[in-house]
Amino acid sequence: MDSRWTGDLHIDALLNRGGPEGQRENSNTPPTKWDSDPDFKGLQKTVITYSFITKKSKLNYGDDRVKRIKPYTDFSKKQKSDISNLFDLISSYIDVDFRKVKDKKTVGTIRIGFNTITDESGNYRPGIYATADPPNEEPRGGDIWFNRGFTGDNFSKGLVEGFGTPTPSSVMLHEILHSLGLEHPNDNPNHQVPESIHNWEHTLLADEYSHPAEFFNMNKSYGVSSTPMPWDLASLQHLYGANPKTNKGGTTYKYANTIPFYETIWDASGNDTLDLSNFNKNLKINLTDGELSTLSFDVEDERWSNKQHGNLGIAFGCIIENAAGGSGNDSIIGNEADNNLKGNGGDDSLNGGLGFDVLTGGSGQDTFQIQPGKGNVVIMDFTDGEDKILITAPITVTTRIIGSDTELLSDGDLMAKILNSSGLLQQDDLTFS
């Protein structure tokens with residue numbers, strides 16, 4: 001089934017160009033996606049089936065070695081369970097019901113198996129991890145093949161001992177995304193992504209992480225698994241729709257401060273909070289949809305205790321209203337909604353962005369950023385001589401005392417109200433950029 005181009009780079013960049021591999025030279029061909037499986041009529045959701053290829057499975061297409069592929073081996077029971085969990089994970093982001101079926105007379109729309117992957121001359125290529133075909137009507141459309149050298153892989157989520165980053169589950173997600181209709185960034189010459197986006201932190205379809213991402217703890221090495229990331233989900237939700245039920249209502253997101261991860265939040269509705277108050281290292285929190293936050297963990301591995309690259313994304317179109325930092329020196333940026341931002345301990349920087357925002361610095365020397373013309377803020381706990389107010393434009397500011405509070409105005413427009421600050425706010429408390 002054909003989809004459409006949108007004109008939005010963050011959506012179009014990863015969409016396929018239609019048809020099987022080798023027939024996608026026209027970058028303007030409409031992208032394709034799977035229709036709902038006809039065996040599951042009458043359901044509101046799109047149903048896409050998947051099956052695990054066994055050594056007994058029949059394939060009616062070949063590869064560079066043979067006219068009909070003969071599967072190398074079967075997936076173990078645990079591997080199949082772990083991979084099914086990955087389909088459930090994807091379903092939490094998109095409006096699709098994935099159903100596992102047997103690979104016998106009828107097979108899944110997406111079939112997953114082990115094969116001997118070779119070059120065009122039939123020479124075994126052990127360095128190729130896996131391949132996948134996009135949605136198309138050819139017999140191999142949607143099929144995923146992992147190379148025979150990876151039959152012992154652990155496809156579980158989270159930290160995976162003895163494997164690198166990306167973990168096998170992340171590679172499997174990469175291939176499933178291909179089978180659902182996504183391509184690598186920059187495969188389409190009409191939709192080139194910025195270099196800052198061409199990494200696994202932003203999309204699992206990229207070539208690599210922007211930095212070493214393994215995790216070493218207690219003399220053991222772990223791979224750090226990932227969910228699909230913001231640019232993956234923008235394209236995927238365009239093709240299949242967003243899941244309207246995931247995390248409905250008010251949801252609070254909390255994470256262990258000693259277990260590194262890569263994750264994207266999708267939240268369908270409600271007034272929601274990102275609560276990182278249990279973290280002790282410096283955090284860079286950004287509630288803007290499509291952006292990444294950078295969380296440093298309470299671990300010895302400096303790659304994760306002093307994190308330099310984002311690891312927690314918020315999906316495009318997802319609104320998280322509130323955030324709480326930890327005891328480190330945190331930077332917290334809001335979004336277009338009415339945000340309630342709390343710095344807690346440390347010397348924090350709070351910027352509400354658009355909307356009507358409430359900012360609480362907590363202990364430490366905090367900086368409250370105000371953007372003229374972009375909503376207004378209430379500052380709950382300004383401390384003269386410790387905290388600063390940063391006006392992000394060179395404008396003239398006037399003050400007005402209302403009871404025990406101080407209001408900041410520009411050309412008569414209210415920018416901020418500082419509670420319990422009457423007579424305390426001095427000119428040197430204000431800085432401009």
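Which residues lie nearest the centre of the second largest pocket? Keep in mind as you look that this is a predicted model.

**First stop: the second largest pocket.** Select Trp 34, Asp 37, Gly 108, Thr 109 and Asn 136, which lie nearest the centre of this pocket. They belong to a lining of 26 residues, made up of eight nonpolar, nine polar and nine charged residues. The space inside comes to about 500 Å³.

**Second stop: a helix pair.** Now show helix H2, residues 77-91, together with helix H3, residues 168-180. Their axes lie 11 Å apart, and the two helices pack at an angle of about 55°. H2 is therefore oblique to H3, and the crossing is right-handed. Nine of the contact residues are nonpolar and one is polar, with no charged residue.

**Last stop: the cavity.** A search of the whole structure turns up one cavity of 30 Å³ or more. The largest cavity has a volume of about 50 Å³. To see what surrounds this cavity, select Asn 351, Gly 352, Gly 353, Asp 357, Gln 369, Ile 370, Gln 371, Lys 374, Gly 375, Asn 376, Val 377 and Met 415. Then colour strands S20 (367-370) and S21 (376-379), each of which supplies at least two residues of that lining. By class, the cavity lining has three nonpolar, seven polar and two charged residues.

Technical notes. Residues are numbered from 1 along each chain as its sequence is written. This is a predicted model: local features need pLDDT of at least 70, side-chain atom pairs count only at pLDDT 80 or more; totals for chains, interfaces and linings use all residues. Side-chain values use heavy atoms; hydrogens and water are left out. Axes are lines fitted to C-alpha atoms, for helices over the stretch in contact, and angles run from 0 to 180 degrees between N-to-C directions. Helices (H or I, at least four residues) and strands (E, at least two) are DSSP runs, numbered from the N terminus. Angles under 35 degrees count as roughly parallel, over 145 as roughly antiparallel, 65 to 115 as roughly perpendicular and the rest as oblique. A crossing is left-handed if the near helix is turned anticlockwise from the far one by less than a right angle, and right-handed if clockwise. Ala, Val, Leu, Ile, Met, Phe, Trp, Tyr, Cys and Pro count as nonpolar, Asp, Glu, Lys and Arg as charged, and the others, Gly among them, as polar. On a 1 Å grid over the protein atoms alone, a cavity is a set of points where a 1.4 Å probe fits but cannot get out, and a pocket is an open set with protein on both sides within 12 Å along at least five of seven lines; lining residues have an atom within 4 Å of a point. Grid points are joined across faces, edges and corners, and a volume is the space filled by probe spheres set on the points.
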